[in-house]
Every structure is written in structure tokens, then in C-alpha cells.
Amino acid sequence: MELMTKPTILTGVRSNEEPTLGNFLGAFVPMVEMQKKYAGEYQINMFVPDLHSFTTPIDHTTLYKNTLKNLKYFIAAGLDINHPDVFVYRQSYIPAHSELTWILDCFTYTGEMSRMTQFKEKSGEHSESVTMGLFNYPVLMAADILLYNAKYVPVGEDQFQHLEITRDIATRFNNKFGEIFTIPADTKTQTGFIERDKGLRIRSLTDPSKKMSKSSNDEKSKILLSDTPEQAVKKIMSATTDSIGEINFDFETQPGISSLLQILSLLTGRTQEEVNAEWVGKTQYGEFKRAVADAVGTFLTDFQARLASISDEQLIAILEHSERRMAETANATLLRAQQAVGLRPKVEG
Ligand code: ATP
Ligand code: MG
């Protein structure tokens, strides 16, 4: 019981495309570090928002497999899913998410939803099929948060508006019905609590003025976590650098070389200063790239071995255990909301 009284940090793990080395270093690793730092003092909910996956069209034949793959990536990155404070679960396996969404929908105004910037942007991109799901997804997100009484929801700037609307809906509901929901911290408090994005930006290998992006069509610009070590080595060896002819750590003048120095430091666990002390001033770009390529190859070999060692059965068993626990919390919140709106009798005393 004591477990459930810890404040909750809630975070969703979504990725429909194959993640890159940039995603790994910039998102997976910090999330694992967050878990290591806060588990014990906080409860950590890491869920896969599978119901959110098709607000815009996707390939449904791969959704289920990708949901599991997604979680395996985090486990391979070091997430301790056996920690008693860590709960990994699939949104759609806990029906309370959908049920609470409906109730919240009836206390959410179309006017406020129409103001959501992400809806406006995404409905522009997918103008041929703007679904109710896309319009309604912030309410589902509100349910995701409120069901578990989450205090902290480390999200990027693109989600601030949705977090604020969650607070608005919950406050409105509480004002009408009493203290039903825990109001999550405001975005300012959130960002102060967890520095999610420290601004790390691994560069594109073909155009180092840009960041590496998983959606890029240029295969050579990115290292995918599914690349074979040989493919990755080739991509590093042919990475765009510069004609200066001397290694320097300066993103302004030598973004390609600097990004490689950064990758080398992050993957070998050595500080940037140590790595720079070894390479800065040298002129052999080929030798340097070989060292980076070796580090990337070794990383992928190890990472993929860890990935392969996680069986679907093992993962599903852990998920189901954690889903049973999470359903208890979620159903308790749902019941409070159902009682408030008159769908269930209130138990006196
Ligand atoms: P897309 O091209 O679809 O935008 P992306 O590679 O930029 O894909 P996102 O889904 O936008 O990935 O972001 C997932 C997470 O990965 C975010 O936390 C983001 O900050 C981080 N991230 C993305 N690209 C990089 C990068 N090049 N270096 C470090 N972190 C990154
Ligand atoms: Mg992006």
C-alpha cells in the first residue's frame, strides 16, 4: 500500500518509426537516468500510448509488434522494469483510459479543444482525414494522467498546452464535484523538476548543420538502432565533415567532427574533455572516424544482443503483472468519477 502513496511521475513512450542513435542518446538514455534517479522516492509509470498511435493513419499490421518493440528498446537501454516503483503498461489494456475519456469529454468544450495548436497543425498536414481521434486526443491524454493521480509528467514543449488543458478539465471537474482528481503540476514546475531535454542534438551524418531525424528519407544521415554494426560503420566512415583538416570541438565551424566527438564520448562513457584531449589537434580524420565507427559498432552489437535476450513472453508477463496493479489505481479513480457524475451509487461513510 505504501507504494501507491508515492508521488507519481508519468511518461508515455511512443515511437512508430525505427529510432535513431539520436533518439537513443537524447531521449532513451535520459529517461532511463530519470528512472534510476527517482525510483524509490517516486512511483514511475511508463506506458505505451497505443490508443494514441492512430489518431493519424498508420500501418496497423505492425502496431502490436511495435508496441512491444518499443518497450524492449527501453529495457535494452537500461530501464529497470523489475524495480518495485516502476510500472510499464499498455494503455489499451486498461479500459479505464477509454471510459474516463468519455466522461471527461462531456466536461470539455469544443471551443477550447479547437484552440489546441497541435490539432491545428496536424489537421493541416492530414487534411484529407481529420478524425475525431485527432481532435479528442488531448482528452485521452488527460485521462492517462488523471487516472494515476500523476504529479509530474515530463513532456516536451509541444505538449505543454495539453498538460494545461488537463489541469483545466480536472479543476473544472473538481469544482463541480469535489476533490476527485489530483491536479498535475503546472508546466513551469514540471520543467523545473525534470530537465528532460538538455538540448543534446546529435547531428545528421550527411548534413551536420541539421539534427539526425528518424523521419529523414536520407538513410545515410542516420544510424538506426536496427542497423547492423557493418552498416553503421560504413555510415560513420562516410559521414560529412569539413575541409579544415584538423580536429576541433566547435559546433559552429566543425559541426560534423564535433558531433562525432560527442558520439564518441557518450558511447564510450568517457567525458567530453577526455575524448577531446585525445583527438583535438590531430589531422587524421580517417583514423578518428574509425575510432568513432568502432564505438558505434560495439554499441550496436551490445545493444542488439540485449534486445534479443528479451523474449516476448518475458515482457508480456511483466506487463500483465504491472497492468493488473495499474488497473486497480485506474479503476479506483474511474469509480470516483463515475460516482461523482451519478453513474455509480456513492458509498456512504
Ligand atoms: P522526427 O523526424 O519524426 O521528428 P525525431 O528523430 O526528431 O523524429 P522525435 O520523435 O521528434 O524524433 O523525438 C523523440 C525524442 O528524441 C525527443 O525526446 C527528442 O528530443 C529526441 N531526439 C530527436 N532527435 C534527436 C537528436 N538528433 N539528438 C538527440 N535527441 C534527439
Ligand atoms: Mg522530431
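Predicted model: local features only at pLDDT ≥ 70, side-chain atom pairs only at ≥ 80, totals over all residues.
1. Start with the strands. Four of them form an open sheet, and their order is β3-β2-β1-β4. The pairing is parallel. Two strands sit at the edges: β3, residues 86–90, and β4, residues 150–152. Each edge strand pairs on one side only. From one strand to the next, the twist averages 40 degrees.

2. **β1 with β2.** Strand β1 covers residues 8–12, and strand β2 covers residues 43–48. Five bridges pair these two strands in the parallel sense. L10 has N45 in β2 as its bridge partner. G12 stands opposite F47 in β2. Burial is worth checking here too. Of the five residues in β1, four are buried, and the strand is mostly covered.

3. **β2 with β3.** How many bridges join β2 to β3? There are five, and the two strands run parallel. Here F47 faces Y89 in β3.

4. **β1 with β4.** This pairing has two bridges, and the strands run parallel.

5. V86, V88 and R90 point one way. F87 and Y89 point the other way. Are these residues buried or exposed? All are buried, on both sides. The count for the strand is five of five, and β3 is described as mostly covered. Note that β3 is also an edge strand, with pairing on one side only.

6. **D144, a buried residue in a helix.** D144 belongs to helix α6, which spans residues 132–146. Its relative accessible area is 2%. The cut-off for buried is under 20%, so D144 counts as buried. What does D144 touch, beyond its neighbours within four places in sequence? The contacts are L10, F47, H52, Q91 and H97. Two of these names have come up already.

7. **S53, a buried residue in a loop.** S53 lies in the loop between β2 and α2, a helix made of residues 63–76. Its relative accessibility is 4%, so S53 is buried as well. Leave out residues up to four places away in sequence, and S53 touches R14, N16, I58 and L63.

8. **The ligand site.** Ligand 1 has 15 residues around it. Which of them come nearest? They are I202, K211, M212, K214 and S215. A polar side-chain atom of K211 is 2.6 Å from an oxygen atom of ligand 1. M212 uses its backbone: an N or O atom there lies 2.9 Å from a nitrogen atom of the ligand. G22 also has a backbone N or O atom 3.1 Å from a ligand nitrogen atom. On its own, ligand 1 has 590 Å² of accessible area, and the protein covers 75% of that.

Conventions. Residues numbered from 1 in each chain as written. Chains lettered and ligands numbered in written order. Heavy atoms only, no water. Pairing = 2+ DSSP bridges. Axes fitted to C-alpha atoms, helices over the stretch in contact; angles between N-to-C directions. Buried < 20%, exposed > 50% of the residue type's maximum accessible area, 1.4 Å probe, protein only. Contact = heavy atoms within 4.5 Å. Near = heavy atom within 4 Å. Polar contact = N/O pair within 3.5 Å; in protein donor to acceptor, adjacent residues only side chain to side chain. Areas by Shrake-Rupley, 256 points an atom, 1.4 Å probe, with all protein chains shown as cover.
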